[in-house]
Amino acid sequence: GAADTLARDPAAPAESHLFYQAHGTRPFIDRAEGIWMYGQDGKSYMDAASGAMVCNIGHSNPRVIAAMKEQLDRCTFAYRLQFQSEASEGLAAEIARLMPAGLDKVFFVSGGSEAVETCLKFARQWAIAVGQGSRYKVISRFPSYHGCTLGALAVTGYTPLSAPFDPMMRAMPKITTPRQYLDGRGEDPDAYGRRMADLLEEEILRQGPETVLAFIMEPVGGASTGAVVAPDTYYPRIREICDKYGVLLIYDEVMTGVGRTGRFLAAEHWGITPDLVAMSKGFAAGYAPLGAMIAPGRMVRQVLDAGGFAHGHTYAGNPIACAAGRAVVREIVEQDLSTNAACMGERQMAGLQALMAEFPFVGDVRGKGLLQAMELVADKETLAVLPKELNAASRLVDLAYERGLIIYFRRTRGGAEGDHVMITPPLTITPAEVDEMLDRLRGALRALHKEIAGRY
Ligand code: PMP
């Protein structure tokens, strides 16, 4: 148990002075390599969550570590207003090369929430710069996740995290996220996609187009919906509506970016060019805290000409983080890990579908590339949620842990109810590792089946 782990660990202080959720119930980490993490409890764990969908190229990649060490020896910090750095210039140039045409300016930050905040503030400053200062509302979706800082939280549709802070934020309008498995069953997917996209037009008209600044969306849902993908018709229709009303389209690719869904950006699946893109997570793949906003040079020039971008964090463009990001992106491109994510994603999805057929409480499996989720339900037909007190997804995570498998759970459907787990291994995963991961997951599902059978 957890107490044993702590007691056996020479590094464990008598009382921890950290306070994260679930703290104290997990082993201390010793080291990690590739898809494997080794605890000080002497056990090995297969990382099928990539941490929190972060470690996209696996752990201890020697080329990334070498690039970081080289930077460490040269200079660990250079403030962006005092020096340029090869690391940040080189990474920005590489990103500009990989982005859809026109998205060629990069503003570095240290994480996903910061990247989203930067997009929101840049959008607002651009509107002011071009004489559209009446625009300030950012429409987003429910459910969604865009970060936990107050600005990013205002556009996040996930009540357990946002509710306490409602009085401190300006409420932003939300439209329903398309989830055909829940609310469009039996409907033609193309028609459903268009109908759900049209909700944006209705909301823009309701708010008054002259007040609407932007629309922000995750191209493939992250943990808040559990890897939900919209029908193909949704994406171009959203782009069209934004264009029609002069509303900026912001893609939050914090989780989907850098190869996770089988393309460098998820936007590429639909040939969409967003106006602004937020990236983080897989960008430096857990080797350093790094995020970015990517914007078109045309818009950046307008903001700079109007007096500059009133925004910036001390650690922006940190040379070590950028050296890590540059080496990570090189790995993604040179090893063609987006393609591997697409291929291994298919293998994994076939396995998850087999598990869905095997277990009565696995109600849906979905996703794109290696961004996939499994939803646990009380009834496969109605998709009714399991009783909250069973804590099914959380229990599945614990049972997987006991079998040396790390997966990631969240309440689903935007509120406190519902259960899903994310299955999001590193993009470097091999076919044999996919199979072993699925075996371990089957073991955990069998144990859960024993535990909850007859209780719902
Ligand atoms: N946007 C999305 C889509 C995310 O998945 C996350 C993190 N889960 C964030 C933003 C926030 O990123 P961070 O936790 O690095 O602040």
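Mentor: Let us begin with the overall layout, keeping in mind that this is a predicted model. The C-alpha centres of domain 1 and domain 2 lie 26 Å apart, and the domain assignment of the protein chain gives 2–57 together with 336–452 to domain 1, and 63–334 to domain 2.

Trainee: How many residues does each domain bring to the contact between them?

Mentor: Domain 1 brings 33 residues to that contact and domain 2 brings 32. On the side of domain 1 that touches domain 2, at least two residues each come from several elements, including helix H2 (50–53), helix H13 (337–358) and strand E11 (362–368). The largest share of that side, 5 residues, comes from H13. Sorted by class, the side of domain 1 that touches domain 2 consists of 15 nonpolar, 11 polar and 7 charged residues.

Trainee: H13 has come up already, so how should I read its packing against another helix?

Mentor: Look at the angle between the two axes and at the distance between them. For H13 and helix H15 (residues 431–452), the angle is about 25° and the axes are 10 Å apart. Angles under 35 degrees count as roughly parallel, and H13 and H15 are therefore roughly parallel to each other. H13 passes H15 in a right-handed crossing, in which Met344, Arg347, Gln348, Gly351 and Leu355 of H13 meet a set of H15 residues that includes Val434, Leu438 and Leu441.

Trainee: Are helix H3 and helix H12 roughly parallel or antiparallel?

Mentor: Helix H3 (residues 62–74) and helix H12 (residues 319–334) pack at an angle of about 155°, with 8 Å between their axes, and that angle makes H3 roughly antiparallel to H12. Their crossing is right-handed. Among the residues that meet are Val64, Ala67 and Met68 in H3, and Ile320, Ala323 and Ala324 in H12. By class, the contact of H3 with H12 divides into 10 nonpolar, 1 polar and 3 charged residues.

Trainee: What angle do H5 and helix H11 make?

Mentor: H5 and helix H11 (residues 297–305) pack at about 65°, with their axes 9 Å apart, which makes H5 roughly perpendicular to H11. The crossing of H5 and H11 is left-handed. Phe122, Gln125, Trp126 and Ala129 of H5 make this contact with Met299, Gln302 and Val303 of H11, and the residues involved divide into 5 nonpolar, 2 polar and no charged.

Trainee: Which residues come nearest to the ligand?

Mentor: There are 14 residues around the ligand, and the nearest of them are Gly111, Gly112, Ser113, Gly147 and Val254. Helix H5 (residues 112–129) gives the most to this shell, with 3 residues, and by class the shell has 5 nonpolar, 7 polar and 2 charged residues.

Trainee: Where is Ala227 found, and what is its phi?

Mentor: Ala227 is in the loop between strand E7 (212–217) and helix H10 (234–245). Its phi is near 55°, a positive value in a residue other than glycine.

Terms used:
Residues are numbered from 1 along each chain as its sequence is written. This is a predicted model: local features need pLDDT of at least 70, side-chain atom pairs count only at pLDDT 80 or more; totals for chains, interfaces and linings use all residues. Domain bounds come from an automatic or database domain assignment. Two residues are in contact if their C-beta atoms, placed from the backbone, lie within 7 Å. Helices (H or I, at least four residues) and strands (E, at least two) are DSSP runs, numbered from the N terminus. Ala, Val, Leu, Ile, Met, Phe, Trp, Tyr, Cys and Pro count as nonpolar, Asp, Glu, Lys and Arg as charged, and the others, Gly among them, as polar. A residue is near a molecule or strand if its C-beta atom, placed from the backbone, lies within 6 Å of it. Axes are lines fitted to C-alpha atoms, for helices over the stretch in contact, and angles run from 0 to 180 degrees between N-to-C directions. Angles under 35 degrees count as roughly parallel, over 145 as roughly antiparallel, 65 to 115 as roughly perpendicular and the rest as oblique. A crossing is left-handed if the near helix is turned anticlockwise from the far one by less than a right angle, and right-handed if clockwise.
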